[in-house]
Amino acid sequence: MEALNDMLRLRAKVLGNKPFLIAGTKVVSYAELDQSAARLAHVLRSHGVQKGDPVGLYLPSCIEFAVGYFAAQKLGAIATSISSLYRFREVRGIVERTDMKVVLTDGTTRALAEQVQGEFPGLENILTFGIDDETSCEAQMAKHPPHFDD
(Lines give C-alpha, C1' and ligand atoms only; values in the text may rest on other atoms or scores of the structure.)
Protein backbone atom coordinates (compact mmCIF):
# COMPACT_ATOMS: atom_id res chain seq x y z
CA MET A 1 0.00 0.00 0.00
CA GLU A 2 1.33 3.43 -0.97
CA ALA A 3 1.52 6.31 1.50
CA LEU A 4 -0.22 9.51 0.39
CA ASN A 5 3.02 11.41 0.01
CA ASP A 6 4.38 8.65 -2.23
CA MET A 7 1.20 8.66 -4.29
CA LEU A 8 1.48 12.41 -4.88
CA ARG A 9 5.17 12.21 -5.78
CA LEU A 10 4.56 9.35 -8.25
CA ARG A 11 1.51 11.03 -9.80
CA ALA A 12 3.47 14.26 -10.14
CA LYS A 13 6.08 12.41 -12.19
CA VAL A 14 3.46 10.80 -14.41
CA LEU A 15 0.88 13.58 -14.68
CA GLY A 16 3.20 16.58 -14.24
CA ASN A 17 1.40 19.69 -15.42
CA LYS A 18 -2.10 18.21 -15.43
CA PRO A 19 -4.46 20.01 -13.01
CA PHE A 20 -4.70 18.62 -9.50
CA LEU A 21 -6.62 21.49 -7.88
CA ILE A 22 -8.68 24.33 -9.25
CA ALA A 23 -9.67 27.18 -6.94
CA GLY A 24 -11.41 29.98 -8.73
CA THR A 25 -9.04 31.01 -11.50
CA LYS A 26 -5.99 29.42 -9.89
CA VAL A 27 -4.96 26.00 -11.22
CA VAL A 28 -2.32 23.92 -9.45
CA SER A 29 -0.77 20.96 -11.23
CA TYR A 30 0.33 17.69 -9.66
CA ALA A 31 3.96 18.77 -10.01
CA GLU A 32 3.36 22.21 -8.48
CA LEU A 33 1.52 20.74 -5.50
CA ASP A 34 4.23 18.15 -4.92
CA GLN A 35 6.97 20.80 -5.09
CA SER A 36 5.10 23.21 -2.81
CA ALA A 37 4.41 20.44 -0.30
CA ALA A 38 8.10 19.45 -0.37
CA ARG A 39 9.21 23.02 0.27
CA LEU A 40 6.72 23.37 3.14
CA ALA A 41 7.85 20.03 4.59
CA HIS A 42 11.36 21.51 4.80
CA VAL A 43 9.94 24.60 6.54
CA LEU A 44 7.99 22.47 9.02
CA ARG A 45 11.06 20.38 9.77
CA SER A 46 13.09 23.57 10.34
CA HIS A 47 10.48 24.50 12.97
CA GLY A 48 10.96 21.21 14.79
CA VAL A 49 8.14 19.12 13.34
CA GLN A 50 8.98 15.42 13.37
CA LYS A 51 7.28 12.18 12.44
CA GLY A 52 4.16 11.70 14.53
CA ASP A 53 3.82 15.38 15.52
CA PRO A 54 0.47 17.08 14.92
CA VAL A 55 0.50 20.03 12.49
CA GLY A 56 -2.52 22.31 12.77
CA LEU A 57 -4.18 23.30 9.50
CA TYR A 58 -6.23 26.29 10.64
CA LEU A 59 -7.14 27.35 7.12
CA PRO A 60 -10.26 27.69 5.01
CA SER A 61 -10.80 25.31 2.08
CA CYS A 62 -7.99 26.52 -0.15
CA ILE A 63 -4.94 25.38 -2.06
CA GLU A 64 -2.73 26.14 0.94
CA PHE A 65 -4.71 23.61 2.99
CA ALA A 66 -3.80 20.90 0.48
CA VAL A 67 -0.15 22.01 0.48
CA GLY A 68 -0.08 21.83 4.28
CA TYR A 69 -1.78 18.45 4.32
CA PHE A 70 0.68 16.87 1.90
CA ALA A 71 3.67 18.59 3.57
CA ALA A 72 2.69 16.94 6.85
CA GLN A 73 2.37 13.60 5.04
CA LYS A 74 5.88 13.97 3.62
CA LEU A 75 7.23 14.33 7.17
CA GLY A 76 5.10 11.54 8.60
CA ALA A 77 3.43 14.18 10.77
CA ILE A 78 -0.29 14.23 11.57
CA ALA A 79 -2.22 16.81 9.54
CA THR A 80 -4.78 18.11 12.04
CA SER A 81 -7.63 20.00 10.41
CA ILE A 82 -9.00 22.93 12.40
CA SER A 83 -12.10 24.45 10.81
CA SER A 84 -11.60 28.10 9.93
CA LEU A 85 -15.08 28.63 11.40
CA TYR A 86 -13.90 27.55 14.87
CA ARG A 87 -13.49 30.23 17.46
CA PHE A 88 -11.19 30.51 20.45
CA ARG A 89 -12.68 27.78 22.66
CA GLU A 90 -12.66 25.14 19.91
CA VAL A 91 -9.17 25.99 18.65
CA ARG A 92 -7.80 26.09 22.19
CA GLY A 93 -9.33 22.66 22.89
CA ILE A 94 -7.71 21.10 19.81
CA VAL A 95 -4.31 22.64 20.56
CA GLU A 96 -4.53 21.50 24.17
CA ARG A 97 -5.61 17.91 23.36
CA THR A 98 -3.04 17.39 20.61
CA ASP A 99 -0.15 19.32 22.18
CA MET A 100 0.65 20.74 18.73
CA LYS A 101 3.72 22.92 18.33
CA VAL A 102 2.97 24.34 14.86
CA VAL A 103 -0.16 25.64 13.20
CA LEU A 104 -0.59 26.89 9.63
CA THR A 105 -2.85 29.91 9.21
CA ASP A 106 -3.79 32.63 6.77
CA GLY A 107 -4.83 36.23 7.30
CA THR A 108 -8.30 35.20 8.44
CA THR A 109 -7.18 32.80 11.18
CA ARG A 110 -3.82 34.08 12.40
CA ALA A 111 -5.09 36.51 15.08
CA LEU A 112 -7.13 33.84 16.83
CA ALA A 113 -4.22 31.37 16.66
CA GLU A 114 -2.04 34.02 18.32
CA GLN A 115 -4.60 34.37 21.12
CA VAL A 116 -4.49 30.62 21.69
CA GLN A 117 -0.68 30.71 21.62
CA GLY A 118 -0.84 33.23 24.48
CA GLU A 119 -2.42 30.53 26.68
CA PHE A 120 -0.36 27.61 25.36
CA PRO A 121 3.30 28.50 24.98
CA GLY A 122 3.85 24.94 23.70
CA LEU A 123 2.32 26.22 20.45
CA GLU A 124 5.71 27.48 19.37
CA ASN A 125 5.13 28.50 15.75
CA ILE A 126 2.29 30.06 13.80
CA LEU A 127 3.17 29.96 10.11
CA THR A 128 1.01 32.15 7.91
CA PHE A 129 0.21 32.05 4.21
CA GLY A 130 -0.57 35.19 2.25
CA ILE A 131 1.09 37.84 4.37
CA ASP A 132 3.56 40.25 2.86
CA ASP A 133 6.74 39.79 4.85
CA GLU A 134 9.79 37.57 5.14
CA THR A 135 8.14 35.36 7.79
CA SER A 136 5.34 34.21 5.49
CA CYS A 137 5.08 30.55 4.55
CA GLU A 138 5.75 31.50 0.95
CA ALA A 139 8.95 33.40 1.80
CA GLN A 140 10.22 30.53 3.96
CA MET A 141 9.29 27.95 1.31
CA ALA A 142 11.23 29.85 -1.37
CA LYS A 143 14.45 29.12 0.55
CA HIS A 144 14.06 25.34 0.21
CA PRO A 145 14.39 22.84 -2.65
CA PRO A 146 11.27 21.54 -4.45
CA HIS A 147 11.91 17.94 -3.39
CA PHE A 148 11.84 16.19 -0.04
CA ASP A 149 13.62 12.94 0.66
CA ASP A 150 13.19 11.48 4.08
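Reader: How many bridges join strand 3 to strand 4, and do the two run parallel or antiparallel?

Author: Strands are DSSP runs of E with at least two residues, helices are runs of H or I with at least four, and both are numbered from the N terminus. Two strands pair if DSSP finds at least two bridges between them. Here strand 3 (residues 54-57) and strand 4 run parallel, joined by four bridges. Val55 has Ala79 in strand 4 as its bridge partner. The model is predicted: local features need pLDDT of at least 70, side-chain atom pairs count only at pLDDT 80 or more, and totals for chains, interfaces and linings use all residues. Residues are numbered from 1 along each chain as its sequence is written, and side-chain values use heavy atoms, with hydrogens and water left out.

Reader: At what angle do helix 2 and helix 3 pack?

Author: Axes are lines fitted to C-alpha atoms, for helices over the stretch in contact, and angles run from 0 to 180 degrees between N-to-C directions. Helix 2 (residues 30-46) packs against helix 3 (residues 63-75) at about 65 degrees, with the axes 8 Å apart. Contact means heavy atoms within 4.5 Å. Among the residues that meet are Leu33, Leu40 and Leu44 in helix 2, and Val67, Phe70 and Leu75 in helix 3.

Reader: How do the axes of helix 4 and helix 5 cross?

Author: The axes of helix 4 (residues 88-98) and helix 5 (residues 110-119) come within 10 Å and cross at roughly 55 degrees. Helix 4 is therefore oblique to helix 5; angles under 35 degrees count as roughly parallel, over 145 as roughly antiparallel, 65 to 115 as roughly perpendicular and the rest as oblique. Phe88, Val91, Arg92 and Val95 of helix 4 make the contact with Leu112, Gln115, Val116 and Glu119 of helix 5.

Reader: Is Gly130 buried or exposed?

Author: Buried means under 20% relative accessible area, exposed over 50%, and partly exposed in between (1.4 Å probe, protein chains only). Gly130 is exposed because its relative accessible area is 64%. Gly130 lies in the loop between strand 6 (125-128) and helix 6 (137-141).
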